[in-house]
Amino acid sequence: MALVMEKHKMPEQDPKVRARNFQEVALGYDEDTAVAEAERCLNCKVPKCRQGCPVQVNIPAFIGKIKERDFDAAIDIIKESNSLPAVCGRVCPQENQCEKHCIMGIKGEPVGIGRLERFVADYQLAKNEEIKPIQFAEDAQKVAVIGAGPSGLSCAGDLAKMGYKVTIFEALHVAGGVLSYGIPEFRLPKDKIVRREVENLQKLGVTIEVNAIAGRLFTVDELMGEMGFDAVYVGTGAGLPHFMHIPGENLNGVYSSNEFLTRCNLMKAYDFPNHLTPIAIGKNVAVVGGGNVAMDAARTSLRLGAENVYIVYRRSEAELPARAEEVHHAKEEGIQFKLLNNPVEILGDENGWVKGLKCIKMELGEPDASGRRRPVAIEGSEFELDVDTVIMAIGNGPNPIVASTTPGMETNKRGNIIADEETCATTKEGVFAGGDIVTGAATVILAMGAGKKAAAAIDAYLKSKK
Amino acid sequence: MFKILKKQELSPGIFHYDIEAPRVAKKAQAGQFIVLRVDEDGERIPLTIADFDREAGTITLIFQVVGASTKMLAAKNEGDSIVDFAGPLGQPSEIHENMGTIVCIGGGIGVAPVYPIARAMHEAGNKVISIMGAKTKDILIFEDKMRAISDEVLIATDDGSYGVKGFVTTALQQLVDRGEKIDQVTAIGPGVMMRSVVEATRPLGIKTIVSLNPVMVDGTGMCGGCRVQVGDEMKFACVDGPEFDGHLVDFDSLMSRSRMFRPQEAQAKDHVCNIGLGR
Ligand SMILES: Cc1cc2nc3c(=O)[nH]c(=O)nc-3n(C[C@H](O)[C@H](O)[C@H](O)COP(=O)(O)OP(=O)(O)OC[C@H]3O[C@@H](n4cnc5c(N)ncnc54)[C@H](O)[C@@H]3O)c2cc1C
Ligand SMILES: Cc1cc2nc3c(=O)[nH]c(=O)nc-3n(C[C@H](O)[C@H](O)[C@H](O)COP(=O)(O)OP(=O)(O)OC[C@H]3O[C@@H](n4cnc5c(N)ncnc54)[C@H](O)[C@@H]3O)c2cc1C
Ligand code: SF4
Ligand code: SF4
Ligand code: FES
């Protein structure tokens, strides 16, 4: 059989149409396309793809099952190592992970592993199978999970399946972490996917308490003391927005990407005033940054009705940290890339609103510590970009609330919790941590993987104590 | 769900609610606030913890109806519930013994949040002089409560219908003029009021604490929407505050930022009026 060198195309909404709505951009493979794409996999003896996946999903095995149209078996294989395949299939940076190493990628395009993963996950969700609640033993030990992001959710799911009674404490009024407040509806549907995954976990028997801010409502010590938990997992993410500290950042019309995306995704400001949280968007929007977050903010701005949306990034296209697919989608939708530019000041009008963004042109110099060529300002090259909204998407740091109220649990100088790479154990006995709060802002799959590792380590720890 | 155990209209458009939230009540301290949502499509709005009863497990809120969310909240009755209630948030007020003479100033609805601070100051053995300001006598709230925990209470009304005619700063000036030795001023109220207090105390070198009320979303330090300029630092009012050294606060930017969503707020208010508050 002749090899098909190209991936089967992902059916997508037309760029012109989708740039003005919040429905999902990528529509997903149908069965025949999925099977045809699966046929492209060579079932390699030494599957390189697997080494590229942070949780080593058994890729050839699940793809093999798709070839046989045994989708139930395929999803079971994925779920052995990945508890959120409908999410990861959509948002994993596959081109840097599993698909980067796929043998088919040498001469042609790699197998669409992410798309296949999404296909079987959606297939299973659509079946709406009944979930049997776990029967916990009377004397089952109790574990508290702080934060209902991908890391906390996967840790909780695994522990519940091992028979532990788990309660997740979430600060916001909705579970999901970044999956709920950050990643937009048009990339990751909330009701169809995120809420379903959360509800399935609850049906399994995991308790989720929202509006529960650890460090304020209770401390970690109280959880393990009077509240009777035997171990704690901290998965509080990297939710503290950075600003550039340039003049004008307090003007009206300036948002952090977190505020902008939270208003839109979590609070559903795109459906204002049916949902009561407002959002103010101008005609011309500058988004500062080049990662997934920046692409999300830019594409959200378009959908809210902005006319011109710019990505302002200080390095060049090659260094954009966003997923290739998202950059591609953004361009298709009409986002304008202002690369090798760095903002130096946000300009305001007499009413305190943004009226422009002053930037300086950059060029790439010598490689820095990260191996990327360092951007250097070109003297005298300042210019003004005519914008009325500026969104800062330059990264997030760790929120200090839990660490600062947990004596004995150490953090590094950036404020990230120090935890063992293999066991996620912190310096405080019985307390484990993982995901973005440990690694700094990373990816869904890494956060999820840490949750799984921690669940295994917590199991070992609690058994040793019994 | 969080149940409204008591509802009382203190003066037109100003309400007292006791909300059942035992865990929040257990941890609440003077100076902190909560964030609530009235219903599933509601906005997250911050309100100060005006009082708490650890035994009864309740939090007292005093709020003024200004727009859509507070209107919807005011439409609830005793026995009804609201969907979300998160807290206690923010840093507690710094209160200890031997702080000396503290002047606690509350303007309008600001009297409610200043009350638990004044009470804690009093309980710690400090001398508390309270100044309460209102447009007119009829809308003055919390007078009895404030009198019960203050060594002295001064009242200022814009129209002179009660106490001195003028602003809280007029009353403050009286204290200064009579030679009262003031160790700290704590002022809570509208931005303009806090700014005039700060400008009055600045030349006198009196330490002045203000409690800021920028627009907030999460209240946990995640969105940065509540950022304020304090000296040469950018602070997040929900986690670093809400109290700050008033002499360092950039009130112009604070007040300008609180107008960011004006057109939308008006639209939201019309919307809830049109479709009915029960939704
Ligand atoms: C806009 C955006 C787009 C992204 N796009 C992608 C992508 O395409 N692909 C990808 O792989 N990754 C992406 N990421 C990164 C990815 O979402 C994160 O790495 C991942 O969500 C981290 O998971 P986590 O569980 O560690 O933390 P989070 O998802 O941040 O969840 C932490 C949870 O803990 C809660 N919490 C915090 N403090 C407390 C407390 N004191 N008490 C109780 N609860 C608390 C928070 O409210 C939150 O719900 C994106 C991130 C953003 C912001
Ligand atoms: C820490 C803190 C404590 C507060 N304590 C009290 C209190 O004890 N009693 C009280 O009556 N009010 C208090 N407020 C103000 C209260 O939050 C607002 O009045 C309320 O959010 C208005 O909502 P609305 O929809 O009714 O009105 P809107 O029409 O939406 O807004 C009216 C005005 O309220 C402010 N506001 C609007 N949305 C928000 C928001 N999400 N967060 C903060 N401010 C907003 C803006 O300045 C706006 O111009 C406090 C605010 C903060 C930040
Ligand atoms: S989890 Fe992510 S990296 Fe692993 S196989 Fe799936 S899509 Fe690829
Ligand atoms: S490397 Fe590619 S072709 Fe080989 S098993 Fe993995 S997905 Fe299939
Ligand atoms: S309200 Fe979001 S950071 Fe303060």
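Predicted model: local features only at pLDDT ≥ 70, side-chain atom pairs only at ≥ 80, totals over all residues.
Biologist: Which residues come nearest to ligand 1?

Modeller: Ligand 1 has 35 residues around it, and those that come nearest are A:Val91, A:Glu170, A:Arg187, A:Ala214 and A:Asp436.

Biologist: How does that shell divide into nonpolar, polar and charged residues?

Modeller: The shell around ligand 1 holds 19 nonpolar residues, 11 polar ones and 5 charged ones.

Biologist: Which backbone atoms lie 3.1 Å from a nitrogen atom of ligand 1?

Modeller: That is a backbone N or O atom of A:Ala171, at 3.1 Å from a nitrogen atom of ligand 1. For oxygen atoms of the ligand there are two further cases: a backbone N or O atom of A:Val178 lies 3.0 Å from an oxygen atom of ligand 1, and a backbone N or O atom of A:Thr443 lies 3.4 Å from an oxygen atom of ligand 1.

Biologist: And how much of ligand 1 does the protein bury?

Modeller: Ligand 1 taken alone exposes 1,000 Å², and the protein buries 94% of that area.

Biologist: Turning to ligand 4, what surrounds it?

Modeller: Ligand 4 is surrounded by A:Cys41, A:Leu42, A:Cys44, A:Cys49, A:Pro60, A:Cys102, A:Ile103 and A:Ile113. By class, this shell has 8 nonpolar residues, with no polar and no charged residues.

Biologist: Now helix H13 of chain A: how many of its residues are buried?

Modeller: Helix H13 (residues 257–266) of chain A is mostly covered, with 10 of its 10 residues buried. Among them are A:Glu259 and A:Arg263, as well as A:Phe260 and A:Leu261.

Biologist: What follows H13(A)?

Modeller: H13(A) is followed by A:Lys268, and the phi of A:Lys268 is positive, near 55 degrees.

Biologist: One last topic, B:Ser69: where does it lie?

Modeller: B:Ser69 lies in helix H2 (residues 68–74) of chain B.

Biologist: Why does B:Ser69 count as buried?

Modeller: B:Ser69 counts as buried because its relative accessibility is 8%, and buried means under 20%.

Biologist: What is B:Ser69 in contact with, leaving aside neighbours within four places in sequence?

Modeller: B:Ser69 is in contact with A:Leu276 of chain A, and with B:Val38, B:Glu43 and B:Ile45 of chain B.

Definitions and conventions: Residues numbered from 1 in each chain as written. Chains lettered and ligands numbered in written order. Heavy atoms only, no water. Near = heavy atom within 4 Å. Polar contact = N/O pair within 3.5 Å; in protein donor to acceptor, adjacent residues only side chain to side chain. Areas by Shrake-Rupley, 256 points an atom, 1.4 Å probe, with all protein chains shown as cover. Nonpolar A, V, L, I, M, F, W, Y, C, P; charged D, E, K, R; others polar. Buried < 20%, exposed > 50% of the residue type's maximum accessible area, 1.4 Å probe, protein only. Helix = DSSP H or I, 4+ residues; strand = E, 2+ residues; numbered from the N terminus. Contact = heavy atoms within 4.5 Å.
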